[in-house]
Amino acid sequence: MTHSMKTVEDLRWFLSHTQGFRGGHVTDVQLSKRRLFDEESGREVRAGTVATVVVRYHVEGILRVAKLTMYGVSDLSIFEQDGSDRSLLDEIHVESSEGKLRFWFDPDGSLFVVCEEATLEEVSLPASDADMVGAVAQWVFQADAGEPPTVGWLLAQLDQAGVPCSWKAASRRVAGQRAMCWEGKLIAATETNAGPAPALRVETYGPIDGAGFGISLQVHEAAGRSSRRLLSLVSDRIMQHYPGTCLVEQTIFSNEDWVK
């Protein structure tokens with residue numbers, strides 16, 4: 001899910017949707033200065049400053065990871081005293097004034113940003129943080145719309161890629177109010193001398209937060225590099241065929257970002 005924000009109405013939607021990130025955690029903050037090549041002068045010129053904040057939070061039992069990208073940053077304050085953890089959020093505050101957006105991530109202004117516009121990209125997960133303990137790697141995809149692919153489609157894609165796999169279905173279950181469409185393990189047909197065949201846990205589920213279907217891929221602690229390569233291959237195939245947003249650890253990618 002992606003939503004651009006420039007107006008007061010956009011900020012009202014943002015606060016309503018995120019509930020002010022109440023009780024969330026800031027997991028990453030990045031600042032970048034963009035430059036463009038000016039053909040007339042033959043030099044690079046400054047094209048604006050961008051700040052990115054990633055927040056992990058819950059709303060009504062749903063785990064969300066949000067990336068808030070703020071463009072045209074004209075003022076920014078980041079302060080974290082040694083020995084203290086300022087990542088926990090109570091509730092952020094926002095304001096629109098004189099064509100600028102202002103974000104206070106805490107009352108003391110330890111993280112404060114003034115910008116021209118902002119974009120919220122977000123992935124909702126069907127699991128809690130506790131459900132992901134023990135995973136070496138996890139990839140979560142949330143489609144913009146539509147129905148999830150079938151197991152047959154996924155197996156055919158892997159055949160075309162030269163990595164044939166078999167499918168071992170798991171017993172059906174319901175995660176809260178969000179029924180799983182199908183879940184189980186992909187097991188590579190290729191033999192390996194280093195241990196068991198590469199395997200990947202796959203879960204597909206229905207819409208969360210009104211968006212399209214979701215897919216979660218997991219590789220656990222006992223798995224090796226071959227299983228992580230299988231995860232990379234499956235995720236690439238999904239991103240090439242379905243528009244949406246994916247989450248890798250704390251980083252959110254759109255389709256355009258993924259193929260760069």
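Analyst: Buried means under 20% relative accessible area, exposed means over 50%, and partly exposed is in between, using a 1.4 Å probe and protein chains only. This is a predicted model, where local features need pLDDT of at least 70, side-chain atom pairs count only at pLDDT 80 or more, and totals for chains, interfaces and linings use all residues. Residues are numbered from 1 along each chain as its sequence is written, and side-chain values use heavy atoms, with hydrogens and water left out.

User: OK, is glutamate 98 buried or exposed?
Analyst: Glutamate 98 counts as exposed, at 77% relative accessibility. It is found in the loop between E6 and E7.

User: How many helices and strands does the protein chain have?
Analyst: Four helices and 17 strands.

User: And how much of the chain is buried?
Analyst: Of the 260 residues in the protein chain, 42% are buried.

User: Back to E6. Which strands are in its sheet?
Analyst: The sheet is open and has four strands, in the order E5-E8-E7-E6, with antiparallel pairing. Its edge strands are E5 (75-78) and E6 (93-97), and each pairs on one side only. The twist averages 10 degrees from one strand to the next.

User: What counts as pairing?
Analyst: Two strands pair if DSSP finds at least two bridges between them. In general, strands of a sheet pair through backbone hydrogen bonds, either parallel or antiparallel.

User: How many bridges join E6 to E7?
Analyst: Five, and the two strands run antiparallel. E7 covers residues 100-104. For example, serine 96 has leucine 101 in E7 as its bridge partner.

User: Which helix lies across E6 and E7?
Analyst: Helix H1, residues 8-18. H1 runs at about 175 degrees to E6. Such axes are lines fitted to C-alpha atoms, for helices over the stretch in contact, and angles run from 0 to 180 degrees between N-to-C directions.

User: Let's talk charges. What is a salt bridge?
Analyst: It is a side-chain nitrogen of Lys or Arg within 4 Å of a carboxyl oxygen of Asp or Glu.

User: How many does the structure hold?
Analyst: Six salt bridges. One of them joins the side chains of glutamate 122 and arginine 64, at 3.9 Å from N to O. Glutamate 122 lies in strand E9 (residues 117-125) and arginine 64 in strand E4 (residues 62-71), so the pair ties together parts that are 58 residues apart in sequence.

User: Are those two residues buried or exposed?
Analyst: Glutamate 122 is buried at 2% relative accessibility. Arginine 64 is buried too, at 5%.

User: Which residues are linked in a network of salt bridges?
Analyst: Glu183, Arg201 and Glu203. The closest N and O atoms of glutamate 183 and arginine 201 are 3.0 Å apart. Between arginine 201 and glutamate 203 the closest N and O atoms are 3.4 Å apart. Glutamate 183 is buried at 4%, glutamate 203 is buried at 11%, and arginine 201 is partly exposed at 23%.

User: Which buried residue has no salt bridge?
Analyst: Aspartate 10 is one, and it is found in helix H1. The nearest side chain of opposite charge, lysine 6, is 8.0 Å away. For charge, Lys and Arg count as positive and Asp and Glu as negative, while His and the chain ends are not counted.

User: Last one: how many disulfides turn up?
Analyst: Zero, in a search of the whole structure. A disulfide is a pair of cysteine sulfur atoms within 2.5 Å. Cysteine 115 is buried at 0% relative accessible area, and cysteine 246 is also buried at 0%.

Conventions. Contact = heavy atoms within 4.5 Å.
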